[in-house]
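The stops below are given in the order in which to select them.

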Amino acid sequence: MQDIQLRKAENKDLISLQKIGKLTFSETFASGNSEENLKSYLETAFSKEKVKGELSDENSEFYFAECENEIVGYLKVNYGDSQTEIKSEKALEIERIYVLREFHGKKVGQILYEKAIELAKEINADFVWLGVWEKNPRAIRFYEKNGFKAFDKHIFKLGNDEQTDIMMKLMLKN
């Protein structure tokens, strides 16, 4: 297993974040979606303006997973009002953990996940939550293996396609 380093993304990393974001999202979801919907989503979600805004949001953080100085995956977490649904000061949202396909099964996702849990504990969060596409069994199994439980569903729009995400939660405190 190669040595994986984590690095917090900064404003200067805008282009790198757009690139890894588009690439990993495409690898993960291209086969299950139309080309038009995927293209529409990528243009919106990873536009320069959108990513720049996310990078400068004090309630969101991005971390790159790097191997031999190449970005191989990334994590996005949200706090407080920047969370996409549950806007709790006692929660942390994992909005994204994406890893290049060639690094699947090499613990990169687990390392990014463990960073998210560390960040949640730093803010004394009661729980961590996320949404995962119902047609992404690999990701669902990953989160279940890490103790997450489904608690609700919500709609995620990819282009003009309304998809169902399973909302999952991990309690850190009882």
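Begin at N124, which is partly exposed at a relative accessible area of 40%; buried means under 20% relative accessible area, exposed over 50%, and partly exposed in between, with a 1.4 Å probe and protein chains only. N124 sits in the loop that runs between α4 (108-122) and β5. Its phi is near 60°, a positive value in a residue other than glycine. Most residues other than glycine have a negative phi.

Before moving on, note the conventions. This is a predicted model, in which local features need pLDDT of at least 70 and side-chain atom pairs count only at pLDDT 80 or more, while totals for chains, interfaces and linings use all residues. Residues are numbered from 1 along each chain as its sequence is written, and side-chain values use heavy atoms, with hydrogens and water left out.

**The whole chain**

Zoom out and colour by secondary structure. The protein has 5 helices and 7 strands, where helices (H or I, at least four residues) and strands (E, at least two) are DSSP runs numbered from the N terminus. Their order along the sequence is β-α-α-α-β-β-β-α-β-α-β-β. The C-alpha trace spans about 45 × 35 × 30 Å along its principal axes. For 174 residues, a compact globule would have a radius of gyration near 16 Å, and the 15 Å of the protein agrees with that; the radius is taken over C-alpha atoms, and the globule rule is 2.2 Å times the number of residues to the power 0.38.

Buried residues account for 49% of the 174 residues. Of the contacts (heavy atoms within 4.5 Å) between residues at least 6 apart in sequence, 63% join residues at least 24 apart.

Select residues 161-171, strand β7. Strand β5 (residues 127-133) runs antiparallel to β7 and is joined to it by 7 bridges; two strands count as paired if DSSP finds at least two bridges between them. At F127, the bridge partner in β7 is M171.

A150 stands opposite M168 in β7. In a regular strand the side chains alternate between the two faces of the sheet.

Follow β6 to the hairpin that links it to β7. There are 2 residues between the strands, and G159 takes a positive phi near 65°. N160 also lies in this loop and is exposed, with a relative accessible area of 61%. Draw a distance from N160 to S34: the C-alpha atoms are 10.0 Å apart, although the residues are 126 apart in sequence.

Is F148 buried or exposed? F148 is buried, with a relative accessible area of 2%, and it is found in the loop between α5 (137-145) and β6. Leaving aside neighbours within four places in sequence, F148 is in contact with I94, Y113, V128, W129, L130, Y143, M168, K169 and L170. K169 is 21 residues from F148 along the chain, with a C-alpha separation of 5.1 Å.

N69 has a positive phi of about 65° although it is not a glycine, and it is exposed, with a relative accessible area of 71%.

Continue past β3 to S82, in the loop between β3 and β4. S82 is buried at a relative accessible area of 18%. Apart from residues up to four places away in sequence, S82 touches D57, N59, S60 and E93.

End in strand β4 (residues 91-99) at Y98. This tyrosine is buried, with a relative accessible area of 14%. Which residues does Y98 touch, not counting those up to four places away in sequence? Show T24, F25, T28, F29, G73, Y74 and L112. E27 lies 71 residues from Y98 in sequence and 9.6 Å away in space, C-alpha to C-alpha.
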